[in-house]
Amino acid sequence: MIRNYVKTAWRNLWKNKVFSLINILGLSLGMAACLLILQYVNFELSYDHFNQNADNLYRVVNDRYQNGKLIQHGTITYSGVGKAMKDDYPEVVNNARVLQFGETTVTFKDKKIPKGIAFCVDNSLLSMFTFPVVAGDRSTPLKEVNTAVFTETEARRIFGIQGDNFESCVGQMVKMGTDTFPTKITAVIKDIPKNSIFQFDMLISYQTLIHSYGYTAADYDFKDSDFWHYIQLKPGADYKAFNAKMQAFSQRHFQGNKVSGSVEKFYLQPLLRIHLYSDTEYENIETASSNVVWGLLIIALFIIGIAWVNYINLATARASERAMEVGVRKVTGATKGQLIRQFLTESFIINLMALTIAVVLAVLFQPVFNTLVNQQLTLDNLFQKGLGGYLISAGLIIVVVTGIFISGFYPAFVLSSFKPILVLKGKYSSSKKGIILRKGLVIGQFAITIVLIIGSLIVYRQIKFMSSQKLGVNLDQVVVINGPQFTTPDTADTRAKAFLAEVKQISTVKNAATSFWVPGSETGRNFDIQDPHNPSTHYTMRFNGVSTEYIPTYGMTLVAGRNFSPTDYVKRYQDLHSTILNVSATKLLGFSSPQAALGQIMTKSNSKWTIIGVVADSHQKSLRYAIEPTFFRPQLSIGSQISVKMNTTNPTQTIASIKAVYEKFYPGNIFDFAFLDQRYNEQYKNDALFGEAFGIFGGFAIFIASLGLLGLSLFSTLQRTKEIGVRKVLGASVSNIVLLLSKDFIKLVIVAIVLATPIAWYILHHWLQDFAYHITISWWIFVLAGVVSIIIALTTISFQAIKAATVNPVKSLRSE
């Protein structure tokens with residue numbers, strides 16, 4: 001019986017090649033897009049699920065308030081917070097402190113190996129998180145001072161290990177960065193999974209930070225906030241109930257704003273939400289956007305849904321064509337159940353063929369998709385443990401099976417319900433309910449595609465707006481060089497001045513400067529700025545330490561006063577007294593104008609600073625964030641960032657010249673550079689991905705919906721062949737015929753436009769609120785999207801309509 005079903009189904013598919021092709025093409029494209037998108041979605045949702053304690057691990061988030069206003073929403077906090085939580089609350093079973101060292105050069109037997117990412121952590125981190133030890137001390141590798149743990153790849157890179165003989169590097173001594181003391185390798189751990197928020201090459205014991213580096217505030221302190229904390233709660237503990245206790249915790253340890261100068265609020269963020277749901281400052285991990293992930297998942301469901309709707313529409317639209325077949329089968333004894341199984345077999349074959357082609361397409365386009373999302377994904381990622389265990393994997397299977405069943409069952413139910421007597425007498429007509437359903441499905445399809453068109457336009461305009469907005473700093477042809485790790489502190493300032501002077505002698509170098517931070521990075525904050533008109537009121541400002549050439553190097557506009565001069569720079573920080581504010585800072589301090597601020601005293605942390613200049617506001621970070629009050633102080637910082645402004649058509653040659661000067665002044669240091677405009681734009685990578693994915697997969701959806709419309713218009717034209725012939729004989733023109741065949745479909749598209757417009761506005765308006773600076777949603781975008789959708793529909797329909805209208809009517813009426 002099954003063999004008969006398959007044979008009959010294959011004959012029907014072959015008989016109606018065009019409709020079969022439209023169905024298979026639409027379904028295969030929809031499934032391929034869905035497979036690619038779900039790889040990315042499942043990968044992003046799988047972050048940190050490999051940790052055995054994942055459900056009980058949390059990160060401490062610290063919000064700070066001054067004068068009733070949120071001034072910092074960050075993940076860095078005070079070194080004593082984690083231990084205090086463990087001491088105060090029995091539901092806390094473990095805690096670990098983390099300090100990121102960043103890229104660190106490792107010296108082994110006089111050989112310097114750069115660019116290893118180092119974190120300084122408590123030993124407890126290795127028992128809280130699942131980072132398996134493959135060699136060495138498995139319980140306390142980071143308990144002692146001057147100890148470190150390497151990953152497998154880092155161990156191979158530093159020690160040249162071949163194979164898996166990692167025991168040979170345990171006990172080896174290396175030097176980290178500028179350390180004068182050796183560090184002992186106590187263990188090697190497995191490489192960190194790609195779907196971990198932590199991405200490091202080595203871990204250094206936290207005791208090293210306290211005892212060898214002399215950072216005593218790192219032990220137990222509530223004033224220096226440079227540390228990240230992770231907490232492990234008892235299984236079953238409710239973190240929301242724990243968060244409710246944090247107000248009392250803050251009052252107990254910070255007494256309002258008496259200890260830190262700010263009102264501190266703490267709460268726990270679940271580990272499994274960190275990667276996608278972090279909007280905090282001072283992140284030390286790689287984050288992604290939940291908007292992108294869920295947006296792509298919705299698009300994937302829309303695409304596959306549109307493809308299945310096409311199948312349902314075409315199958316039910318062709319009901320009259322197959323009515324005679326059903327009538328004959330019923331008269332000869334076929335039951336309704338047998339007919340349903342027959343039509344379900346056809347649906348299964350079409351979907352199976354489409355799925356096979358989809359898998360091939362997904363594999364072929366995998367490299368292109370990986371480039372788009374900047375990940376190395378495969379079909380294996382579809383079955384990776386993630387949200388709710390294997391929820392996405394199971395969901396994919398359920399969606400495909402359900403989609404195949406529904407898309408096949410409804411047409412099968414409709415077709416098998418025909419009354420054989422009426423059919424064989426030629427009295428069959430399509431039901432009004434079926435026609436209404438098809439119209440509703442077409443409206444739904446095009447409403448979705450119109451939302452995607454509007455979304456693509458608005459996302460594109462917002463990204464273009466951000467990339468073209470004047471930042472207040474000129475990043476063009478600025479190369480940023482990491483400062484030297486190996487230099488003599490007592491001659492650092494003198495050497496820095498000489499280095500900058502010689503770099504500026506290069507003919508294609510316009511200027512050069514040093515700074516603690518460059519545009520695009522998170523600057524520091526000072527929380528103790530006194531209001532000059534009311535000393536009891538304190539404010540918070542961003543700050544940066546810069547050399548004399550920083551302002552001209554970045555083309556910043558000095559709106560009042562003067563720039564720093566060499567006499568403003570002194571060696572001892574306590575002797576610094578000159579500062580430059582941005583315009584926002586002068587407004588915060590209550591000055592009526594930038595000019596009014598000149599010569600005034602700004603008091604911070606009991607030290608007095610004379611305001612010598614005011615610069616125009618500039619965007620230190622992306623346009624997601626508002627410009628903050630900022631002050632600049634005169635400090636040479638050769639160990640941080642070196643900015644070189646070039647004026648050349650051959651940057652490669654200029655960079656080679658800069659490198660030669662760098663190696664002359666700082667031998668033994670690695671020359672590591674980046675173009676600042678590219679680094680700054682990395683802040684928009686999630687938004688750019690969202691825009692590109694929206695456009696590409698929105699195009700997929702539009703194409704698939706158009707395929708369905710083409711199929712419906714083709715079938716409608718075939719049904720009305722004789723009507724078209726009669727109308728032509730009676731004098732109807734080609735344009736009359738095209739209008740006749742098109743108007744009903746265009747009406748449906750117009751209804752779709754009306755439905756899609758408010759939905760698109762609501763979604764995109766909500767998305768734009770994430771940006772401090774954003775475009776306004778103009779009315780013409782909706783008009784343009786409507787016009788585009790009508791043009792797409794007209795183009796699709798007219799292709800077949802014109803073909804039908806130009807056929808000789810004699811051929812159409814010959815059988816009458």
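In this predicted model, Lys 664 and Glu 502 form a salt bridge, with their closest N and O atoms 3.0 Å apart. Lys 664 belongs to helix α21 (residues 651-665) and Glu 502 to helix α17 (residues 492-503), so the pair ties together parts that are 162 residues apart in sequence. The two partners can also be told apart by how much of them can be reached from outside. Lys 664 is exposed, its relative accessible area being 55%, while Glu 502, with 27%, is partly exposed.

The protein chain has 27 helices and 22 strands, and 52% of its 816 residues are buried. Its accessible surface comes to about 36700 Å², and carbon and sulfur atoms account for 59% of that. As for contacts with a separation of 6 or more, 80% are between residues 24 or more positions apart.

Back to the salt bridges: the structure holds 20 of them. One of these joins the side chains of Arg 64 and Glu 264, at 3.5 Å from N to O. Since Arg 64 lies in strand β1 and Glu 264 in strand β11, this pair ties together parts that are 200 residues apart in sequence. Are Arg 64 and Glu 264 buried or exposed? Both are buried.

Another salt bridge brings together the side chains of Glu 522 and Arg 542, at 2.7 Å from N to O. Here the parts tied together are 20 residues apart in sequence, because Glu 522 lies in the loop between β13 (509-515) and β14, and Arg 542 in strand β15. Glu 522 is partly exposed, with a relative accessible area of 21%; Arg 542, at 5%, is buried.

Strand β14 (residues 524-531) runs antiparallel to β15 (residues 534-546), and 6 bridges join the two. They form a hairpin, with 2 residues between the strands. Within this pairing, Gln 530 stands opposite His 538 in β15. Strand β20 (residues 630-634) pairs with β15 too, this time in the parallel sense and over 5 bridges. There, Val 546 is found opposite Pro 634 in β20.

Next comes helix α3 (residues 81-88), where Val 81, Gly 82, Ala 84 and Met 85 are buried. These residues cover an arc of only 165° around the axis, which puts them on the same side of α3. What covers them? The cover of the buried residues of α3 includes the strands β1 (57-66), β3 (92-108), β10 (228-233) and β11 (263-270), along with the helices α7 (239-244) and α8 (246-254). Among these, β1 and β11 are the strands that hold Arg 64 and Glu 264.

Pro 235 lies in the loop between β10 and α7 and counts as exposed, at 69% relative accessibility. In sequence, Pro 235 is 182 residues from Asn 53, yet the two are 8.8 Å apart in space, C-alpha to C-alpha. The loop between α8 and β11 is the place of Gln 255, a residue with a positive phi of about 50° although it is not a glycine. At 40% relative accessibility, Gln 255 counts as partly exposed. Tyr 282 likewise has a positive phi without being a glycine, with a value near 60°. Tyr 282 is found in the loop between α9 (271-274) and α10 (290-317), and with a relative accessible area of 14% this residue is buried.

Finally, there is a nonpolar patch on the surface. It is formed by Trp 779, Trp 780, Val 783, Leu 784, Val 787 and Ile 791, which together have about 600 Å² of accessible area. One of these residues, Leu 784, lies in helix α26 (residues 779-805). Leu 784 counts as partly exposed, at 35% relative accessibility.

How values were computed. Residues numbered from 1 in each chain as written. Predicted model: local features only at pLDDT ≥ 70, side-chain atom pairs only at ≥ 80, totals over all residues. Heavy atoms only, no water. Pairing = 2+ DSSP bridges. Helix = DSSP H or I, 4+ residues; strand = E, 2+ residues; numbered from the N terminus. Patch = residues over 30% accessible without salt bridge, like charges linked within 9 Å, V, L, I, M, F, W, Y side chains within 5 Å. Areas by Shrake-Rupley, 256 points an atom, 1.4 Å probe, with all protein chains shown as cover. Salt bridge = Lys/Arg side-chain N within 4 Å of Asp/Glu carboxyl O. Buried < 20%, exposed > 50% of the residue type's maximum accessible area, 1.4 Å probe, protein only. Arc of directions from axis to C-beta. Contact = heavy atoms within 4.5 Å.
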